[in-house]
Amino acid sequence: MAERRNVVALTGAGISVESGIPAFRGAQGLWGKYDPLEYATLHAFVQSPRKVWEMLSEMVSVCGAAAPNAAHKGMAALERRGVVRAVITQNVDGLHQAAGSRRVIEYHGNMETLVCISCWKRYPTRERWTPGTVPLCDCAEILKPDVVLFGEPIPWLAQEQAEEEARTCGVLLVIGTSAQVSPACDIPRIAKESGAAVVEINPEPTSLTASVTDIHLQGSASEVLGWLVGLLRDPANGHP
Ligand code: OAD
């Protein structure tokens, strides 16, 4: 990383766990509480938007109350130092930007905006949504957060930019993602096939670890990134 400097990161829910936002999979995961087929597909939203808003309300409240943790701040510090050039995130919580990262590619959208899937008008979430309510468009339709539900395409600009970053980076850091959701899980393979080193930061092995990953730094995102930031500042201090 110190030599190549053109580092790009792909982040997932695991980087925000230490900010109090549960991940999707695993024992405490959101998909253990809400079946994604019933609560997280475009079809489900079109059929029963009020039901899907039960899950979305929880996400908006939890994300709204969360603050960046040491891992988000570490990523922003590495960008300021010219080591990291972009973060591709699957998260919709806005915590990379809140920590000071400037080039953030939001692969699955964000919670800041609501969109009407009937007339395509957009609104800031805080203007239209209050806890316990369902946000409505001026045309009276129920609004959807500007996040990618299953069955929706990735925003085209984010997809283009993410693939370009993957093809041209020297190191891809893959942080806190189980890499089970397509097409985000293709990004590490694209980077690898284009000659990048893939470094995974995760307490657990994932589907990438044995096949794609060059180096697995096993631990929490804040712990490992704290160590990496220190190491890049002072290479003599080389042990986690
Ligand atoms: P997952 O919940 O699938 O995976 C979270 C990963 O974070 C796991 O591999 C954990 O081992 C790891 N993890 C947990 N705590 C961690 C910590 N403190 N530090 C580092 N890693 C930690 O979440 P994602 O892979 O982000 O998409 O899920 C991808 C997509 O699936 C989401 O964007 C969402 C979901 O369905 C849509 O809704 C379209």
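The model is predicted. The protein chain contains 10 helices and nine strands. With a radius of gyration of 18 Å, close to the 18 Å that the globule rule gives for 240 residues, the chain is as compact as a globular protein of that length. The ligand is surrounded by 23 residues, and the protein covers 89% of the 790 Å² of accessible area that the ligand has on its own.

**Overall architecture**

- Taken along the principal axes, the box filled by the C-alpha atoms of the protein chain is roughly 60 × 30 × 30 Å.
- Of the 240 residues in the protein chain, 50% are buried.
- Among contacts in the protein chain with a separation of 6 or more, 62% are between residues 24 or more positions apart.
- The protein chain has an accessible surface of about 11500 Å², and carbon and sulfur atoms account for 52% of that surface.

**Ligand surroundings**

- The closest of the 23 residues around the ligand are Ala-13, Arg-25, Thr-177, Ser-178 and Asn-202.
- Sorted by class, the shell around the ligand comprises 11 nonpolar, nine polar and three charged residues.
- Arg-25, one of the closest residues, places a polar side-chain atom 2.7 Å from an oxygen atom of the ligand.
- At Gln-90, a polar backbone atom lies 3.4 Å from an oxygen atom of the ligand.
- At Ala-221, a polar backbone atom lies 2.9 Å from a nitrogen atom of the ligand.

**The loop between strand 7 and helix 9**

- This loop, which holds Pro-183, runs between strand 7 (171–175) and helix 9 (187–193).
- Ser-182 and Pro-183 are joined by a cis peptide bond, with omega at about 5°.
- Ala-179 also lies in the loop between strand 7 and helix 9.
- Although Ala-179 is not a glycine, its phi is positive, at about 55°.
- Ala-179 counts as buried because its relative accessibility is 10%, and the cut-off for buried is under 20%.

**The loop between helix 7 and strand 6**

- Ala-140 is located in the loop between helix 7 (125–128) and strand 6 (144–147).
- Its phi is positive, at about 80°, although Ala-140 is not a glycine.
- Ala-140 has a relative accessible area of 57% and is therefore exposed, the cut-off for exposed being over 50%.

**Glu-165 in helix 8**

- Glu-165 belongs to helix 8, which spans residues 156–168.
- With a relative accessible area of 7%, Glu-165 is buried.
- The side chains of Glu-165 and Arg-85 make a polar contact at 2.6 Å.
- Leaving aside residues up to four places away in sequence, Glu-165 touches Val-8, Arg-85, Ala-86, Ile-88, Arg-103 and Ile-105.
- The buried Glu-165 thus has Arg-85 both among the residues that it touches and as a side-chain polar partner.

Key:
Residues numbered from 1 in each chain as written. Predicted model: local features only at pLDDT ≥ 70, side-chain atom pairs only at ≥ 80, totals over all residues. Heavy atoms only, no water. Near = heavy atom within 4 Å. Polar contact = N/O pair within 3.5 Å; in protein donor to acceptor, adjacent residues only side chain to side chain. Areas by Shrake-Rupley, 256 points an atom, 1.4 Å probe, with all protein chains shown as cover. Nonpolar A, V, L, I, M, F, W, Y, C, P; charged D, E, K, R; others polar. Helix = DSSP H or I, 4+ residues; strand = E, 2+ residues; numbered from the N terminus. Buried < 20%, exposed > 50% of the residue type's maximum accessible area, 1.4 Å probe, protein only. Rg over C-alpha atoms; globule rule 2.2 N^0.38 Å. Contact = heavy atoms within 4.5 Å.
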